[in-house]
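The reader is asked to keep the sequence and the three-dimensional view at hand while following the text.

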Amino acid sequence: MEWIFDGLGTELIITFIGIIFAAVGAGTIIYKKKSRNKQSAKGERVLQQQVGGNIQNQNLQLQEAGDNATQLTIGKYYAGIDEKRVREVVDEKYEVFQQETIDKTIQYINERNQKFIDSLSKRMRTVEIDNNELAEPSFQILLNEAQKVAAATEREKDYELLSELIVHRIKKGGNRKIRVGINEAIKIVGEIDDDALQGLTLVYSLVFFPKMGGILEGLDILDKMFGKLMYDNLPTGTDWIEHLDLLRAVRIESASKFKKTQEIYSDKLNGYVCNGIKQDSEQYNEALRILKKNKIASNILMNHELKDGYARLGIASISTIQNIEQLRQYIKNGNQLDRKKLEIISTALSKIYSLYDKDKRLQEEINTNFMEEWNKRPNLKKFGEWLDSLEKSFEITAIGEVLAYANAEKYSDEIPKFNIDAE
């Protein structure tokens, strides 16, 4: 694979350094000389002295000094070096300093970009690469921009994050909205604070929900994922949110507040946190008839882990049966089914969902049981408490989304086990 890594902009960097030094070198150097003795020239007086009957004029410099002071006057002699030599010395030192600085800058550029190239090469070996995408001029320009950002940052994590963003560009390059987000995200990789990036990633991770239908299994997967994404001390206060807002990764919504964890996940995991259907009831028997009529395996209707004597569809979110592509991924061998068959399945499962018990007291009991299971898992409990403590609400922008997704993929190999309800 041939990379367009040459012409990074080293000449531009050297020129920039030269401009700085030139500005310094063009300044005026002023040397101030101090004397320990206070001297006051009284001017030249003409002394007439009679020597052998002749009168001679002599120039005499009169000086005044304090008591016990020693004075010395030497005609037409100047101690030290002159201004010309001072400038020559300064110019010589300046040239050496300038060259040493340029050499050090180039060394930093080469070392950092090599780390970025190594990280990117390693990451790209794990994905399918479209050579046409790599040859696209806009991609090569983006690659060059990423290299410049890598040269300007000393954080090792940034090289991996840049690599993830480049890979995300390869995967989603056909979507212009995502492409713009990636382009802008790369520009701020070297500026975003570590705790702000972690907080952004955690909030964005609310879009992930498990593919598996079992509640306990799904919560275990979520617990494992958040355990990896909480890789440092969790951010507190509002500074990190305001920092993200300045970088255009989020938009602060001063008029609203974040929902609490229970409310968020009761809605997001409404396939788990639901009343379901009472077993051996007329509704339950009707559900079995619908499954049989549409040739759908009956085991999709499973025991409700949060309520004994009830059954529910084995899905984490109702959106799974409403979204044909998600349904395709959920059903075993779904890729082998045509769209018409998937629509029939979607309609049948939607009818079963409409048979669910709608008792509000039962729903409150299910909500309580769900949070009990949630808090049994240490990472979910820690994440939930942090989420409930957020003081400012914000919306994640396209720039923030691609940054958070790339960072999440970097830290957690559990991401492929999730559906995404927003992209």
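In this predicted model, one cavity of 30 Å³ or more is present. The largest cavity holds about 80 Å³ of space. Probing of this kind rests on a simple idea: rolling a probe the size of a water molecule over the atoms shows where empty space is left.

Which residues line the largest cavity? The lining consists of Arg155, Lys157, Asp158, Leu161, Ile192, Asp193, Asp194, Leu197, Tyr231, Asn407, Lys410 and Tyr411. Two or more lining residues come from each of the helical elements α5 (156-172), α7 (194-204) and α17 (398-411). By residue class, the lining of the largest cavity comprises five nonpolar, one polar and six charged residues.

**Residues at and around the cavity**

Aspartate 194, one of the residues in the lining of the largest cavity, belongs to helix α7. Its relative accessible area is 33%, so aspartate 194 is classed as partly exposed. When residues up to four places away in sequence are set aside, aspartate 194 touches Arg155 and Tyr231.

Histidine 243 lies in helix α9 (residues 239-246). Is histidine 243 buried or partly exposed? Its relative accessibility is 22%, and therefore histidine 243 counts as partly exposed. Apart from neighbours within four places in sequence, histidine 243 is in contact with Glu191, Ile192, Asp193 and Ala196.

| Residue pair | Separation in sequence | C-alpha to C-alpha distance |
|---|---|---|
| Aspartate 194 and tryptophan 240 | 46 residues | 9.3 Å |
| Histidine 243 and aspartate 193 | 50 residues | 8.0 Å |

Of the contacts in the protein chain with a separation of 6 or more, 77% are between residues 24 or more positions apart. The protein chain contains 17 helices and nine strands. Buried residues account for 41% of its 423 residues.

**The nonpolar cores**

In soluble globular proteins, nonpolar side chains tend to be buried together. In this model, the largest nonpolar core has 80 residues, and those with the most contacts inside it are Tyr265, Phe383 and Leu403. Leucine 403 touches Leu161, Leu165, Ala185, Ile188, Val189, Ile192, Leu197 and Leu200, with residues up to four places away in sequence not counted. A second, separate core has 22 residues, including Ile277, Ala287, Leu301 and Ala311.

Strands of a sheet pair through backbone hydrogen bonds, either parallel or antiparallel. Here, three strands form an open sheet in the order β5-β7-β6, and their pairing is antiparallel.

How many bridges join β5 and β7? Strand β5 pairs with β7 (residues 310-313) over two bridges, and lysine 278 has tyrosine 310 in β7 as its bridge partner. Strands β6 and β7 are joined by three bridges. Methionine 302 has arginine 312 in β7 as its bridge partner.

Strand β7 is covered on both faces: Tyr310 and Arg312 on one side, and Ala311 and Leu313 on the other, are all buried. Of these, Ala311 is also included in the second core.

**Backbone angles in loops**

The hairpin of β6 and β7 has six residues between the strands, and there glycine 309 takes a positive phi near 85 degrees. Aspartate 280, with a positive phi of about 65 degrees, is placed in the loop between β5 and α11 (282-293). At 71% relative accessibility, aspartate 280 counts as exposed. Arginine 248 likewise has a positive phi of about 65 degrees, and it is located in the loop between α9 and β4 (250-253).

Technical notes. Residues are numbered from 1 along each chain as its sequence is written. This is a predicted model: local features need pLDDT of at least 70, side-chain atom pairs count only at pLDDT 80 or more; totals for chains, interfaces and linings use all residues. Side-chain values use heavy atoms; hydrogens and water are left out. On a 1 Å grid over the protein atoms alone, a cavity is a set of points where a 1.4 Å probe fits but cannot get out, and a pocket is an open set with protein on both sides within 12 Å along at least five of seven lines; lining residues have an atom within 4 Å of a point. Grid points are joined across faces, edges and corners, and a volume is the space filled by probe spheres set on the points. Helices (H or I, at least four residues) and strands (E, at least two) are DSSP runs, numbered from the N terminus. Ala, Val, Leu, Ile, Met, Phe, Trp, Tyr, Cys and Pro count as nonpolar, Asp, Glu, Lys and Arg as charged, and the others, Gly among them, as polar. Two strands pair if DSSP finds at least two bridges between them. A nonpolar core is a set of buried Ala, Val, Leu, Ile, Met, Phe, Trp, Tyr and Cys residues joined through side-chain atoms within 4.5 Å. Buried means under 20% relative accessible area, exposed over 50%, partly exposed in between (1.4 Å probe, protein chains only). Contact means heavy atoms within 4.5 Å.
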